[in-house]
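Thank you all for making the time this morning. I would like to walk you through one model, going from its helices to its core and then to a few single residues.

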Amino acid sequence: WEARAARAAALWASNAKPQAEAEWSGLCRPVKANPPSVPTNGVRAAVNRAAQMQFDGYGLLMDKRCEDFATGTPLPCDDAGIPGSGGSSAPCTIFTAEEAANRLWPPAAVDALRSFLSDGPE
């Protein structure tokens, strides 16, 4: 995801605006959650089922009030989306200029992303 965000910013900075928009729109498509792991070994499968049953039991007792770390937006804990995205399942939501700087992108790349985000994506 990070490489695609950087590519969109680089394309925008080099005036390849339609390609930057296309790259970003691809990055903004929601992603599915990873499928659960299912062991093929019988013993491990039994342990996995027992652990899942225990986890489901804990779920009945746990506080289900969660919130997005960055925004404080209330979210259901079982459907929180991508961490840092405010519950969204679209990867592009996590790439802000501040996040790019936190990820140690070069300053020119951060500026290109900032420019793209302010002028580009619809």
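Before the first helix, a word on terms: helices here are DSSP runs of H or I with at least four residues, and strands are runs of E with at least two, numbered from the N terminus. The expected span of a helix is 1.5 Å times one less than its number of residues. Please keep in mind that this is a predicted model, in which local features need pLDDT of at least 70 and side-chain atom pairs count only at pLDDT 80 or more, while totals for chains, interfaces and linings use all residues. Residues are numbered from 1 along each chain as its sequence is written, and side-chain values use heavy atoms, with hydrogens and water left out.

Let me begin with helix 5, which runs over residues 107-119, has 13 residues and spans 18 Å from its first C-alpha to its last, close to the 18 Å expected at 1.5 Å a residue. Its buried residues are Val 110, Ala 112, Leu 113 and Phe 116, where buried means under 20% relative accessible area, exposed means over 50%, and partly exposed lies in between, with a 1.4 Å probe and protein chains only. These residues sit on the same side of helix 5, because they cover an arc of only 160 degrees around the axis, the arc being that of the directions from the helix axis to the C-beta atoms. On the face turned away from that buried side we find the exposed residues Pro 107, Ala 108, Ser 118 and Asp 119.

What does the buried side of helix 5 pack against? Its buried residues pack against helix 1 (2-13), helix 2 (17-27) and helix 4 (97-102), with contact meaning heavy atoms within 4.5 Å. Phe 116, for instance, touches Ala 8, Trp 12, Ala 20, Glu 21, Trp 24 and Pro 121, if we do not count residues up to four places away in sequence.

Turning to helix 2, the buried residues there are Ala 20, Glu 23, Trp 24, Gly 26 and Leu 27. Seen down the axis of helix 2, they fall within an arc of 160 degrees, so they line one face of the helix, and what covers them includes helix 1 and helix 5. Glu 23 counts as buried because its relative accessibility is 13%, and, again leaving out residues up to four places away in sequence, Glu 23 touches Arg 4, Arg 7, Ala 8 and Leu 11.

That brings me to the core. A nonpolar core is a set of buried Ala, Val, Leu, Ile, Met, Phe, Trp, Tyr and Cys residues joined through side-chain atoms within 4.5 Å. The largest one has 20 residues, of which Ala 5, Trp 24, Leu 27, Phe 95, Trp 105, Leu 113 and Phe 116 touch the most other members. Helix 1, helix 2, helix 4 and helix 5 each supply at least two residues of this core, and the largest share, five residues, comes from helix 1.

Finally, the loops. Val 31, in the loop between helix 2 and helix 3 (42-61), is partly exposed at 35% relative accessible area, and its C-alpha is separated by 6.2 Å from that of Ala 90, although the two are 59 residues apart along the chain.

Most residues other than glycine have a negative phi. Asn 15, however, has a positive phi near 65 degrees; Asn 15 is in the loop between helix 1 and helix 2 and is exposed, at 59%. Leu 104, in the loop between helix 4 and helix 5, also has a positive phi near 65 degrees, and Leu 104 counts as exposed at 74% relative accessibility.
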